[in-house]
Amino acid sequence: MTNWAGNLIRMARHEKGLSQRDLARRGRTSQAAIAAYEAGRRSPTLETLARIIRGAGLDLRIRLEKQDDHDQWLARYEAGLPAEVVEAWRRRDRELVAEARSDSTERSARNRHGLKTTP
Amino acid sequence: MVIGALAALLQGVPLPRNADIDVTPASDVENKKRLARALRDLEAKLRTPGLDEPIEITLDERTFAGMVTMTFTTTFGPLDICFVPDGTEGYEDLKLNALTVTRFGVKIPVASVADITRSKRAAGREKDAAHLPELLAFLDEERKSSER
């Protein structure tokens, strides 16, 4: 189970440009509680979550949707892949991230020195 | 255009991702013909909800008529064609902020991290919410960097 509630709180805070302290005050809770929810150390009740989200000036809406089995299918597909294939794919993903970050650092450095940046 | 977790990853956001690749194609007829040809080259089969085994279908530009999302298996792995990602109006909308990343010697158009975030927010599934902290942190860092 991922930290769904904490991520929603963080998303609401980001959308409204609020600090944890601001949102805590508006949502009638403590900054420590907001930090714990966001970090996944604690889970709010649905009522508490709705109150915090309302504090950000947003509404929490819950709806039922038809189940999508795509993720389960993918999980089965991935489970059937040889371990070395999965490892190679994860390693390539890490390399792609590192490469993108290296490009970005280089671009920033060039911008700081007033050099023309290639797209 | 590559969208989703892979697009974010190509821009330096370390998202965990599934084996599938999500793309949003331009929806003009010529591009749909190219897309159909590419899918035929990849021996794509359609994956449909509720069925474990993908099915062979005729792949031409008419295949995509009225479609929002189609999921395929190919010789290189799963490929999702998403004409209108959640929270967006499709290719023309995403193109406004898209970037080109060169990897493996190929220029790859990718949706911006801001648009990926917008789409994941709109999708609202648990797995999308799980990606938001990394995406939001990246956008924060990008904003701070542009202010320096």
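How many residues of chain A are in contact with chain B? In this predicted model, 24 residues of chain A are in contact with 25 residues of chain B, where contact requires C-beta atoms, placed from the backbone, to lie within 7 Å. Local features need pLDDT of at least 70 and side-chain atom pairs count only at pLDDT 80 or more, while totals for chains, interfaces and linings use all residues. Residues are numbered from 1 along each chain as its sequence is written, and chains are lettered from A and ligands numbered from 1 in the order in which they are written.

**Chain A**
- Chain A has six helices and zero strands; these elements are DSSP runs numbered from the N terminus, H or I of at least four residues for helices and E of at least two for strands.
- From the N terminus on, the order of elements in chain A is α-α-α-α-α-α.
- Of the 119 residues in chain A, 20% are buried, a term that calls for 20 or more other C-beta atoms within 10 Å of a residue's own, against 12 or fewer for exposed and partly exposed in between.
- Of the contacts in chain A between residues at least 6 apart in sequence, 56% link residues at least 24 apart.

**Side of chain A that touches chain B**
- At least two residues each come from H1, helix H5 (70–79) and helix H6 (83–112) of chain A.
- H6(A) gives the most to this side, with eight residues.
- By class, the residues of this side are eleven nonpolar, six polar and seven charged; Ala, Val, Leu, Ile, Met, Phe, Trp, Tyr, Cys and Pro count as nonpolar, Asp, Glu, Lys and Arg as charged, and the others, Gly among them, as polar.

**H1(A) against H5(B)**
- Helix H1 (residues 4–16) of chain A packs on helix H5 (residues 126–147) of chain B at an angle of about 50°, with the axes 9 Å apart; axes are lines fitted to C-alpha atoms, for helices over the stretch in contact, and angles run from 0 to 180 degrees between N-to-C directions.
- H1(A) is therefore oblique to H5(B), since angles under 35 degrees count as roughly parallel, over 145 as roughly antiparallel, 65 to 115 as roughly perpendicular and the rest as oblique.
- Residues in this contact include A:Trp4 and A:Met11 from H1(A), and B:Pro133 and B:Leu136 from H5(B).
- The residues of the contact of H1(A) with H5(B) are eight nonpolar, two polar and two charged.

**B:Ile81**
- B:Ile81 lies in strand S5 (residues 77–82) of chain B.
- B:Ile81 is buried, because 20 other C-beta atoms lie within 10 Å.

Key. Two residues are in contact if their C-beta atoms, placed from the backbone, lie within 7 Å.
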